[in-house]
Amino acid sequence: KNKRQAYAVGAKVGYDTAAESWGTGRAVARIPRAPGGGTHRAGQGAFGNMCRGGGMFSPTKIWRRWHRKINVQEKRIAVVSA
């Protein structure tokens with residue numbers, strides 16, 4: 001496990017649009033929606049982890065514990081017995 005490289009999603013990924021919720025009374029979910037008109041993207045849900053193009057739930061971070069400490073003696077025994 002100690003050779004793994006850290007990976008993560010970018011901080012702003014999925015949140016780079018000026019979306020706002022339409023509020024209640026429109027018979028649609030209260031998720032923020034992309035603004036504008038004249039394009040397929042207008043009115044689509046945004047930001048939510050359930051939305052296409054939205055941010056992910058619990059984004060991966062680079063400070064995950066990638067490397068685990070292991071006793072030198074234990075490692076040596078594992079290598080020779082492998």
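The model is a predicted one, so local features need pLDDT of at least 70 and side-chain atom pairs count only at pLDDT 80 or more, while totals for chains, interfaces and linings use all residues. Residues are numbered from 1 along each chain as its sequence is written, and side-chain values use heavy atoms, with hydrogens and water left out.

Let's start with charge on the surface. Arg-4, Arg-64, Arg-65 and Arg-68 come together in a patch of positive charge. For such a patch, residues must have over 30% relative accessible area and no salt bridge, with like charges joined within 9 Å and nonpolar side chains (Val, Leu, Ile, Met, Phe, Trp, Tyr) within 5 Å. A salt bridge here is a side-chain nitrogen of Lys or Arg within 4 Å of a carboxyl oxygen of Asp or Glu. Lys and Arg count as positive and Asp and Glu as negative, with His and the chain ends not counted. The place of a charge is taken as NZ of Lys, CZ of Arg, CG of Asp or CD of Glu. Arg-4 sits in the segment before strand S1 (20-21); helices (H or I, at least four residues) and strands (E, at least two) are DSSP runs, numbered from the N terminus. With a relative accessible area of 39%, Arg-4 is partly exposed. On this scale, buried means under 20% relative accessible area, exposed over 50%, and partly exposed in between (1.4 Å probe, protein chains only).

There is a nonpolar patch too. Ile-77, Val-79 and Val-80 make up a nonpolar surface patch of about 320 Å², where areas come from the Shrake-Rupley method with a 1.4 Å probe and, for residues, only the protein chains shown count as cover. Val-80 belongs to helix H1 and is exposed, at 70% relative accessibility.

Now for the buried side chains. Arg-33, in strand S2, is buried yet has no salt bridge, and the nearest side chain of opposite charge, Glu-20, is 12 Å away. A polar atom of the Arg-33 side chain does lie 3.1 Å from the backbone oxygen of Gly-43. This is a polar contact, meaning a pair of N or O atoms within 3.5 Å; within protein, one must be able to donate a hydrogen and the other to accept it, and residues adjacent in sequence count only if both atoms are side-chain atoms. Thr-60 is found in the loop between strand S2 (32-33) and helix H1 (72-80), and counts as buried because its relative accessibility is 15%. Its side chain has a polar atom 3.2 Å from the backbone nitrogen of Val-9.

Ala-27 has a phi near 60°, a positive value in a residue other than glycine. Ala-27 lies in the loop between S1 and S2 and is exposed, with a relative accessible area of 82%. Phe-47 likewise has a positive phi, near 75°, without being glycine. Phe-47 is in the loop between S2 and H1 and is partly exposed, at 21%.

Last come two pairs of residues compared by C-alpha position. Ser-21, in strand S1, is partly exposed at 37%; Ser-21 and Phe-57 are 36 residues apart in sequence and 19 Å apart in space. Lys-12, in the segment before S1, is exposed at 66%. Between Lys-12 and Gly-53, 41 residues apart along the chain, the C-alpha separation is 12 Å.
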